[in-house]
Amino acid sequence: MFHDLEIKEGAFVIGDAHYSHNRPQFLEFLKSIASHELKPTQIILMGDIFDALFGEIPHTYKINKEAIEILNKISLDIEVIYLEGNHDFNLKKIFPHAKVFPISLQPVTCTIEAKKVLLSHGDIESDAGYKIYTLFIRNSFVLSILRIIDSFSGHSILKRLEQYLNKKDDCKELLGLEKFISKRLDKKYRCDYFIEGHFHQNKIIKLKNFIYFNLGAFACNQRYFIVKSTQDIEFLEENIFSKGI
């Protein structure tokens, strides 16, 4: 785990935007940062920012080209921390100026005002089946085979994936969240704050060894969070982006 990252007051924390042509709001959000209409001190992307962006599948660059280019431009001026998710991975070459953390390096250890903060997309500490799946889908050889099949089939694999993702309810409530999170994390980690996305629940839970934040998804109602002082338990201030799309 990394131990030298400082979370800055005024940082924007964004999780699960699931950006695609069907969800253009995140692109407008990036444009507002690039134009200095919004002025974060730092940007922390908590994974699943893109609905489909895979390092070895060039067509996924093409469909996300404008957002990628703007984010790369922003990262020249503002520190961007990008935790890979299960929809966006093998990203280091795509975002060369960002600090990119694959699942193997999560949770990422950070500090803010002498407080220890752990960051994770949210799919760490999963069962053995999911761990095997994550290794499989990130494997360069597997992705190269999928790239060839997808290319020769007129991108049928990505089109079917898009159809499936469009049917998902990204904003449903997960019952039993506190028990689930406690079992996953509470006995394994010690910190002041543990922040995740992935589950889209927008909940704060006080556990034995830390305060747990599960971020609301940007995809649901364009929520993002601004880091405030840790003097308040709710040091992540919720904001809603609105751009009249």
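**Close-up 1. Accessibility of the cysteine pair Cys171 and Cys220.** In this predicted model, Cys171 has a relative accessibility of 43% and therefore counts as partly exposed.

**Close-up 2. The disulfide between Cys171 and Cys220.** The bond links Cys171 with Cys220, at an S to S distance of 2.2 Å. Cys171 is located in the loop between helix H6 (156-167) and helix H7 (177-186), whereas Cys220 belongs to helix H8 (residues 218-221), so the pair ties together parts that are 49 residues apart in sequence. The torsion about the S-S bond is about -115°, and the disulfide is therefore left-handed.

**Close-up 3. The cysteines Cys110 and Cys191.** The cysteine sulfur closest to that of Cys191 is in Cys110, at 11 Å, which is too far for a bond. A disulfide requires sulfur atoms within 2.5 Å. Cys110 has a relative accessibility of 0% and so counts as buried. Cys191 also counts as buried, at 11% relative accessibility.

**Close-up 4. Helix H3 and the elements around its buried residues.** Helix H3 spans residues 65-74, and its buried residues are Ala67, Ile68, Ile70, Leu71, Asn72 and Ile74. These buried residues pack against two other helices, H1 (25-34) and H2 (58-63). They also pack against strands E3 (43-45), E4 (53-54) and E5 (80-83).

Conventions:
Residues numbered from 1 in each chain as written. Predicted model: local features only at pLDDT ≥ 70, side-chain atom pairs only at ≥ 80, totals over all residues. Heavy atoms only, no water. Buried < 20%, exposed > 50% of the residue type's maximum accessible area, 1.4 Å probe, protein only. Helix = DSSP H or I, 4+ residues; strand = E, 2+ residues; numbered from the N terminus. Contact = heavy atoms within 4.5 Å.
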